[in-house]
Amino acid sequence: MFLEIKDLSVKIENKNILNGLNLNINKGEVHAIMGPNGCGKSTLANVLAGKEDYEILNGKINFKDNDLFDLNIEERAQEGMFLAFQYPVEIPGVNITPFLHSAINSKRKRMNEEEIDNLSFAKLLKSKASDLGINIDMLKRSVNTGFSGGEKKRYEILQMSILNPDLAILDETDSGLDIDALKIVTEGVNRLKTKNNAFLIITHYQKLLDYIKPDHVHVMVNGSIVKSGGPEIAAEIEKDGFQKFQ
Amino acid sequence: MNIQDNYQKNKKNIFFSDNKDIQIHREKLINIFETDRFDRKNNESLKNINLKKFIEFKYKYLVPEETSVINNNQDNSYSIVSVNGQCSSFKDDKIEITKILYEDYNDFSKNNTIEKNDHFVNLNSLFLNSGFKIVIKKNNNIKIKISNIVTDDNLTIFQKNNYICEEGSSLSLIEEYENKNNSTSNILNVINLENNSKLNHFLIQDNSSNHNLIITSHSSCKKDSTYTQKVYNFSEGYVRNFHYSELIEINSEADLQGIFFLKDNNTSNNKTFVKHLAEDCKSNQVYKGILNDRAKATYFSNTYVDQVAQKTEGYQLSKGILLSDNASYFSKPELKIYADDVKCSHGSTIGPIDENAIYYLRSRGMSKIAATKILISSFINEELSSINDDLMSETIQKKLVRYLSKVK
């Protein structure tokens, strides 16, 4: 199993958020998690990425034969996990290009691969930015600083395409995107799909799933997966909402 | 030894001690020390310091054997080595350097911007044993680099310098303080900018932990003149930066900026004070601090706008990053506005490094320590990228790298 989440319970500040959650993802699969506000979707994304604010009460997560809880945030990223943030953080003064260059090389170092030099990285960045319709001038700016909501999401996907993760978690990447931006972003995601990687897409709406076809759709309510199935579940939710699952 | 005895014992080695007027002034200063209650709560010069250490000091001064001024005619630049606060006399068609004169002392004692109870300034006036005066002649554009060297352990340098930028002149002044001995330098810079003159003043402070640096400046700006001061404090020893500016004529500007990098048990006290005394003047006071371990800092900023100073623009900003739970930074911005057509603001934000930003960077594969260092660098990126002298930029970067290497 590529990613195996077993009976995961998590709390933050004395509030239980995830309650015995189970989820299995194989290589080459696209999974979507849908659920109402506050059901724990973003918590799951952050627990997978390693955010340290949460208390793990119970459960186990295996990722590529590693016990995920043995790895810290950066080790998970270097092992190929990527979280596209719902609210990407603005970091004034940290320039995008050297930051991404440093990020890709930290991953290569862990994989015992040769570091990518400045020139090759610049070419790679330019090409990926062009695929996503990102202006080259934007790459001279500070991380997420002064970006519109749509630009931030597009920039998250740029980072993802540069880092080429094994497991990409997209936390409400569709929020704040207009229809044109949504198409560009989802095309970017689709380009990255291979039989060797996997995607976990968190969303409220079916719209995103019209562009990125999921193999499995899960409904999450009160910190647990209450129903799993194929894309038809997304259509069901679009039609009837989450009420009947609660 | 008390101040009175200390002064009497050493007055032969103190500047102007045979001058009657100065003697009267100094008696008043001694009286302040003997009667002051040393109110730590309300006296900003007393925050976070071991006053006893600075008042009950053992006076020691050595007249330097050699000082130098090198004139590089090719790019209008001058290199000065000031030793124990003294500098050789020098004169050409662009600048004139002399010892400070009785008049320079007297002029400053009448100024009322610096508080009467700033004990370090009073000590400077009382035990004055060194200093120089530099005049930049009319319409010249020059660059001066001053290396301030203290030669021996246990020296007490009380230095007063006077800089005069004549009409239409422009000066880029870089002062370096990099002393490794167990001494104390108490320096007062008095700066006068005549009409349409400009002074860019950089102070690079990087003393060892046993060296104390108390530096005070008072700049006075006439019509269309601009004073810009940038302080980079990497010292491991105590540093006090108190800088005052008066905008006395129309359309003058003062920009007082500072960055300090503290660690271990080090302390730094900082203050900027701009008085707007004429119309259409601008000021900016920005200090940023990074504090690790058990380091402590204070920053007091103050903008005073006189009732005649309409169309004033005065901004203050203080920012601090605390890298340790045991570090502390006290910041107090103040505005006193007596004119009605002004744009003024002040702000202060102090806190630990942004955990969300750390998380974001780590989620891309950066280690926690690398993420912390990159965020510290970004915190002062604006100040560092505005340095347009390549050599100085490289010097500051190296010192920053050294500081960051100790951040765990």
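Student: How many bridges join strand S4 of chain A to S5(A), and which way do the two run?
Tutor: In this predicted model, strand S4 (residues 55–63) of chain A is joined to S5(A) by two bridges, and the strands run antiparallel. Within that pairing, Phe63(A) is the residue that stands opposite Asn66(A) in S5(A).

Student: What is the strand order of the open sheet in chain A?
Tutor: The open sheet has four strands in the order S2-S1-S4-S5 (chain A), and the pairing is antiparallel. Strand S2 (15–25) and strand S5 (66–67) of chain A stand at the edges with a single partner strand each, so one side of each has no neighbour in the sheet.

Student: And what does helix H1 of chain A lie across?
Tutor: Helix H1 (residues 41–49) of chain A lies across strand S1 (3–12) and S2 of chain A, and the helix runs at about 70° to S2(A).

Student: Switching to the contact between the chains, how many residues of each are involved?
Tutor: On the chain A side there are 19 residues, and these are in contact with 15 residues of chain B. Helix H2 (73–78), strand S7 (91–95), helix H3 (96–110) and helix H5 (149–163) of chain A each supply at least two residues of the side that touches chain B.

Student: What classes of residue make up that side of chain A?
Tutor: The side of chain A that touches chain B has eleven nonpolar residues, together with five polar and three charged ones.

Student: Now chain B on its own, what does its secondary structure come to?
Tutor: Chain B comes to nine helices and 20 strands, and its C-alpha trace spans about 70 × 50 × 45 Å along the principal axes.

Student: How does the radius of gyration of chain B stand against that of a compact globule?
Tutor: A compact globule with 408 residues would have a radius of gyration near 22 Å, and chain B has 21 Å, which agrees. Of the 408 residues of chain B, 47% count as buried, and among its contacts with a separation of 6 or more, 82% are accounted for by residues 24 or more positions apart.

Student: What domains does the assignment give for chain B?
Tutor: The domain assignment gives domain 1 (3–352) and domain 2 (356–408) of chain B, and 28 Å separate the centres of these two domains, taken over C-alpha atoms.

Student: Where do domain 1 and domain 2 of chain B touch, and which elements of domain 1 contribute?
Tutor: In chain B, 15 residues of domain 1 are in contact with eleven residues of domain 2. Strand S10 (198–205), strand S14 (253–262) and strand S16 (282–291) of chain B are the elements that give two or more residues to the domain 1 side, and S14(B) gives the most, with three residues. By class, the residues of that side of domain 1 of chain B divide into ten nonpolar, two polar and three charged.

Student: Which strands is S5(B) joined to?
Tutor: Five bridges join strand S4 (residues 95–99) of chain B to S5(B), and these two run antiparallel, with Ile136(B) in S5(B) as the bridge partner of Ile95(B). Four bridges join S5(B) to strand S7 (residues 156–165) of chain B, and that pair runs parallel, with Ile134(B) standing opposite Tyr163(B) in S7(B).

Methods:
Residues numbered from 1 in each chain as written. Chains lettered and ligands numbered in written order. Predicted model: local features only at pLDDT ≥ 70, side-chain atom pairs only at ≥ 80, totals over all residues. Contact = placed C-beta atoms within 7 Å. Nonpolar A, V, L, I, M, F, W, Y, C, P; charged D, E, K, R; others polar. Domains from an automatic or database assignment. Pairing = 2+ DSSP bridges. Axes fitted to C-alpha atoms, helices over the stretch in contact; angles between N-to-C directions. Rg over C-alpha atoms; globule rule 2.2 N^0.38 Å. Buried ≥ 20, exposed ≤ 12 C-beta atoms within 10 Å, placed from the backbone.
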